[in-house]
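Let's take a walk through this structure together, starting with its overall layout and ending where its parts meet. Keep the 3D view open as you read.

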Amino acid sequence: MSDTETLTRLSTADADGESVTLTVNGERHALRLAPWVTLLDLLRERLHLTGTKKGCDHGQCGACTVLVDGVRMNSCLQLAVMRDGCEITTVEGLAEGGRLHPVQEAFIEQDAFQCGYCTPGQICSAVGLIREGHAHTAEEIRELMSGNLCRCGAYTNIVAAIEQAMGEQAMGEQPAARGDGR
Amino acid sequence: MGHIGTPTSRVDGRAKVTGTARYAAEYVAPDLAYGVVVSSPVARGKIRAIDASAALAVPGVVQVFTHENRPSLAWFSRSWQDEVAPPGSPFRPLYDKEIHYSGQPVALVVAEEFEAARHAATLLRIEYETLPHATDLGAAREEAYEPRKKRSGIPPPAKPRGDAQAGYEAGAVKLEAEYRHGFEHHNPMEMHAATVVWEGDGRITVYDKTQGSQNCQSYIHNVFGIPSDQVRVVNAYVGGAFGSGLRPHYQLFLAVMAATQLERSVRVVLTRQQMFTFTHRPDTIQKMALAADADGKLTAFRHEAVQNTSRFEDYQEAVVNWAGLLYKCDNTLFDYRLAQLDLPTPGDMRAPGAATGLIGIECAMDELAYAAKLDPLEFRLRNYSEIDQDNNRKYTSKALREAYHIGAERFGWGRRSMAPGSMREGGELIGWGMATGVWEAMMMKTAANAVLHADGRVEVACATSDIGTGTYTILAQIAAEALGVDLARVTVRIGDSDLPKSPVSGGSWTAASAGAAVDAACQALRKSLFKLARGMDDSPLANASLDRVVFDGGAIRLADDEARAVALTDVLTAHHLSLVEEEGAASPSMISSMRYSRYTHSAVFAEVRVDAQLKVVRVTRIVNAVAAGRILNPKTARSQILGGVVMGMGMALYEETMPDHRFGRFMNHNLAEYHVAAHADVQGIDVIFVDEPDEEVSPLGVKGLGEIGIVGTPAAIANAIFHATGKRVRELPITIDKLLD
Amino acid sequence: MNRFGYSRAGDVAGAVRERAANGAAAFIAGGTNLVDLMKENVARPERLIDVTRLPLRGIEEREGGLRLGALATNAEVAYDERVRARYPLLSSAILAGASPQLRNAATTGGNLLQRTRCYYFYDTATPCNKREPGSGCPAREGVNRIHAILGTSEHCIAVHPSDMCVAMAALDATVRVTGEGGERAIPFAEFHRLPGDTPEIDTNLGRDELVTAVDLPAESFPTHYTYLKLRDRLSYAFALVSVAVAMELDGGTIREARLALGGVAHKPWRDREAEALLRGQAPSPELFARVSDATLRDARGFGGNDFKIGLARQAIRRALSQAAAGTPQSQTDKRVQ
């Protein structure tokens, strides 16, 4: 089968689960889900949004970071049923049309990744960070991005990318950070 | 033209920042089942009984695989040995009731849903008979032995030169010390996973987290007896590996087994905890004995190492093979031994052997420099070796001296005061340390092909992998350069066992090997295209020869009159061809290998700041000057070094997997307690590439960069900590407890 | 992870009733610790009662102090302007813990109920008295560099992992809970327990009780405070030792002082006798050394964590100086002030 084919299959075990409505990247999903399905597994295995990564499944690496109502969280520790009614933005939802989000652009330009596996989490985290507005210096970016591990060690380039995106935003050259779910 | 050597953003960047790059666990298939692995809680023993009834009763559970119901598998050890296996008999998952190590996979629970399999896995009841085990290298070193069978590709320690004992005794200053670092785990961000797609006609497509698709393909063939042409292994994107994906691991075995038994597609993803159960950088003890005369010239260099291996394979690294390359000394002794522990076989982890060995060598050199009252850099320069003394060979190139000078200049080394604890700012002690790095510049036989399509698209293909190293990008640059087309016109296909033959991606050899193969294929394609162009009616190239034309701007042009040109697309149109395809291959030159030694070098300078009372260590600056031949892409090349330095920081300060020897089990098997460097730990890394033209080392003059960045970094940091605090910590990682008074 | 039932509580009384009716049920809010423990098969609740829709998220003024709703997230509390201005110690401690993503999800109530990071507690392949009472404590003679040096028992040497709680202990906060028997207030010092003979019980919260709020008293220590956390990397790691100090100076004299330690005991560690040494005294290195020694007089190590005694000794002195000087530890500048 082709790599791009996607399937929507909900679990048999979910048939008598909880009813949950989630808006993911602007698309509304009415689902029935067993309560033990995490938001991360829902995204990856059921909605086939595999941009969000499973790096540890325990909140210890940040690869699964998504925006929940605009706020960055570890999707591996969220039970999907508990987020009924929420708007979720994943890395797939950041670009508008063919146009990349400024953070995505900056990541490419600054070579802010190598293997790319922590990257969606870093990017969603960076979008959340910018929106939170508590980081103004490289030092603050480093501290407030520390929930996203990068085993390839691209940290310095990630910080440079975030500074670049923040700078562009401050200068008004780019539209405000999107993908905040609001 | 002008692609090679130009800082170029990754061609796979867009896929990676938008989440469309697919990794092993991200392929979909109809009717996909999920396998969850159950791991042994005991370190050694036998499975006495398995009760799977409760697990099988969970709705959605399809099957529970154990050694009791596994299919028939290969018998001979050789069948289980992959292309990079060390000597011995590889671990066989679910083979029998024997337990060889804690965390060994003992069952695979397969269910319709991941969650059902995860739940059912907790319900499996397994009874074990336990046997005595050992996981302590400190105790096992007494029984260490010289590995009888040498691991292919790992040179045994060099023969002794002169008389190390006499040289030591004759020395004016001496150092005898033991260094150690604990177990480390690779912990790539992507957990090992395999998705096996059952194609319905007996064929399987395997998406595995591996550094070598063809290595996995032949493993599957050899172990399961499935004909190779019915197995395709794909690893288009690999979420980091650092050596953890060199050999086929049990996620692959289990997923293939389940898929072929159930005749349906199966996905197996390991947990982070299970990432600590199949390979590791071995625990290593290094004994150093060095002496120098009154002029600071080495009179003896003795380097002995003992590392752990498993009970079933003699995994080996080149730990003691580096001093003879770096430092002039007439009296040397090198010794390397293994001790068996009840653990999985260790494996190559970023710069295996060198990352370790250069801790012993470079910390000892620093200590001896202090004993000789010489600046550590000056001490190294006085002992600089222009040749590989162990083999009495010249180097293809060795710009290490330049690296020392340029690195020192950038760092400001000249402003360093020698005495430990003599540089302070407020309550912080400042330490400046340096170390040398060295790694092999290897090349492996590799094949590739190159295609020009009628629409002007170029496609190059090779079964090699991009494990984050930038392979996609450099191969695109090489093809664009050779054929004179825009980078955007080039498609690179790698990470697929169907493509031309390539070894695993490791050893820092991929750029030199796959790069040369792609270049060879493109050169062959140039030749064919030129021939076709010359044969066109009224061709402006009719009287030209290949050495008188250039490929540029999508056309073949006369070198001295570039207006006279034939567009590449016109060549195909004129001959009614939809494509032109050529193959190429590259191999290391045997003659050159006998004549020259080939290595990458680096000079690493580190600044640490240590709180005088609390001993909190901050690495505030690193300058890494690297001499690595030709740099294909300064942008991705720099990232390779950054990554190596960051992992080196981890090795120096944070990383250690701690076993409880009573259980024979690693206790901090998670990313909260196995500490890798985080954002807050990393700043101020300056990477310099020293000019080092080298036509001999490989066809493209490339030496490779994947590993050199980590080598030397731990020692530079350890030496900086000594300079700051006056305390020599010889056991890495240097955690706060080791620095407190 | 086991199978469990799920219900969404509509009001506090309903939540409490449901919990009381099912001994194996658990409340869930942020989930950052409970879901983790469930994936490790360490926690196996039969039912999860989702309390996130209860009206307990606000941060309100109350009797000169602040009432933090149990569902206020760690980030909401840490960045609340009133908390930052009046209780900067609390803000600082919260920001020293976990990661921004975790702080965005984790709640005040959940943070109080965090369970230990002891390796053996987390690994179901090994015994642990806290996980399986009576099975033994391998940490005592095992890998224990992260373990307790104060208030240990022969059954357990685990530590409480929270940073937030250390600050709350220093601030003399009060935990408000509701059970079937009604509401009650638990002084912070009495909320968490020492392991004793029952290491499986972390807190004095009744089985049916739900944390509804944490009250911060009026006395807030806005200028002389610090939260100094020492750990194995510079961020996103649990404390080896942490020290919260809150002081009130009157001219050159310490009028009031609080000292709480994290990473060293089964609960945030307060030693009122040692604190008393500070009152009425002028800040000095000698005084701080005396207080530090007094705080650690009963400390004992288990091999791997012996260093914590020396580390805590230095950390207490430094934290007291930071607080007295009004130069609190920054959580972003990693240089120790």
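Which domains does the domain assignment of chain A give? The assignment gives domain 1, covering 18-93, and domain 2, covering 102-170. Please bear in mind throughout that this is a predicted model.

If you trace the chain from the N terminus, the elements come in the order β-β-α-β-β-β-α-α-α-α.

Chain A has 182 residues, and buried ones make up 65% of them. Here a residue counts as buried if 20 or more other C-beta atoms lie within 10 Å of its own.

Now back to the two domains. The C-alpha centres of domain 1 and domain 2 of chain A are 21 Å apart. To their contact, domain 1 of chain A brings 16 residues and domain 2 of chain A brings 13 residues.

Let's look at the side of domain 1 of chain A that touches domain 2 of chain A. Two or more residues come from each of β3 (65-68) and β4 (71-74) of chain A. Which element gives the most to this side? That is β3(A), with 3 residues. Sorted by class, this side of domain 1 of chain A holds 7 nonpolar, 7 polar and 2 charged residues.

Note on methods: Residues numbered from 1 in each chain as written. Chains lettered and ligands numbered in written order. Predicted model: local features only at pLDDT ≥ 70, side-chain atom pairs only at ≥ 80, totals over all residues. Domains from an automatic or database assignment. Contact = placed C-beta atoms within 7 Å. Helix = DSSP H or I, 4+ residues; strand = E, 2+ residues; numbered from the N terminus. Nonpolar A, V, L, I, M, F, W, Y, C, P; charged D, E, K, R; others polar. Buried ≥ 20, exposed ≤ 12 C-beta atoms within 10 Å, placed from the backbone.
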